Amino acid sequence: MTAELTALSLAALLQALQFAAYSITANRQVGPRYAMSPRDEPRQLTGAAGRLQRALINHFEGLILFTIAVVVVTLSDRSNAVTQMAAWVYLGARVLYVPAYVFGLSPWRSLIWFVGFLATLAMLVMPLM
């Protein structure tokens, strides 16, 4: 398996961990009765639960573009040191992004996100060169 595919697999596992953390904190906040209901009336999550929810949504958005980048690199057989490093940088940024978001580390959260975004863009551009 290429480094890019390994990073993608680990990013997906990170997403699963984020989902678990979000689910646990959200369920504690809204209570089991609401959590098991049809949730016809949405509730706004606050604090750590709300931040974990937003970090999870952000990872879904970023993971789409990263997945496209990994597919392009893999199918074009253009994996190289730059794309491999970019994949690891993306994963590292995503790992750091979660606590930065949960603990409200501003402006670090945004800077960490930007590093991951640039790494993804580098992976998309490299096969075109």
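The paragraphs below go from the whole chain to one helix and then to one pair of rings.

The model is predicted, not taken from an experiment. It contains five helices and zero strands, so that the order along the sequence reads α-α-α-α-α. Along the principal axes, the C-alpha atoms of the protein occupy a box of roughly 55 × 30 × 20 Å. The protein has 129 residues, and 37% of them count as buried. Contacts across the sequence can be described as well: of those between residues at least 6 apart, 77% join residues at least 24 apart.

As for charge, the protein carries 9 positive and 5 negative side chains. The centres of these two sets are 12 Å apart.

Helix H1 covers residues 3-30, which makes 28 residues. Just after H1, Gly31 has a positive phi of about 90°.

Which residues of H1 are buried? They are Ala3, Glu4, Ala7, Leu8, Ala11, Leu14, Gln15, Gln18, Tyr22, Ser23, Ala26 and Val30. These buried residues pack against helix H2 (32-35), helix H3 (47-75), helix H4 (81-102) and helix H5 (108-125).

The last topic is the aromatic side chains. A pair of aromatic rings is described by the distance of the centres and the angle of the planes. Searching the whole structure gives four aromatic pairs. One of them is formed by Phe66 and Tyr90, with 3.9 Å from centre to centre and 10° between the planes. This pair counts as stacked because planes under 30 degrees apart are classed that way. Phe66 belongs to helix H3 and Tyr90 to helix H4, 24 residues apart, and the pair thus links distant parts of the chain.

Phe66 has a relative accessible area of 0%, so Phe66 is buried. Tyr90 has 2% relative accessibility and therefore counts as buried too.

Definitions and conventions:
Residues are numbered from 1 along each chain as its sequence is written. This is a predicted model: local features need pLDDT of at least 70, side-chain atom pairs count only at pLDDT 80 or more; totals for chains, interfaces and linings use all residues. Side-chain values use heavy atoms; hydrogens and water are left out. Helices (H or I, at least four residues) and strands (E, at least two) are DSSP runs, numbered from the N terminus. The expected span of a helix is 1.5 Å times one less than its number of residues. Buried means under 20% relative accessible area, exposed over 50%, partly exposed in between (1.4 Å probe, protein chains only). Contact means heavy atoms within 4.5 Å. Lys and Arg count as positive and Asp and Glu as negative; His and the chain ends are not counted. The place of a charge is taken as NZ of Lys, CZ of Arg, CG of Asp or CD of Glu. Rings of Phe, Tyr and Trp (its six-membered ring) pair if their centres lie within 6.5 Å; planes under 30 degrees apart count as stacked, over 60 as edge-to-face and the rest as tilted.
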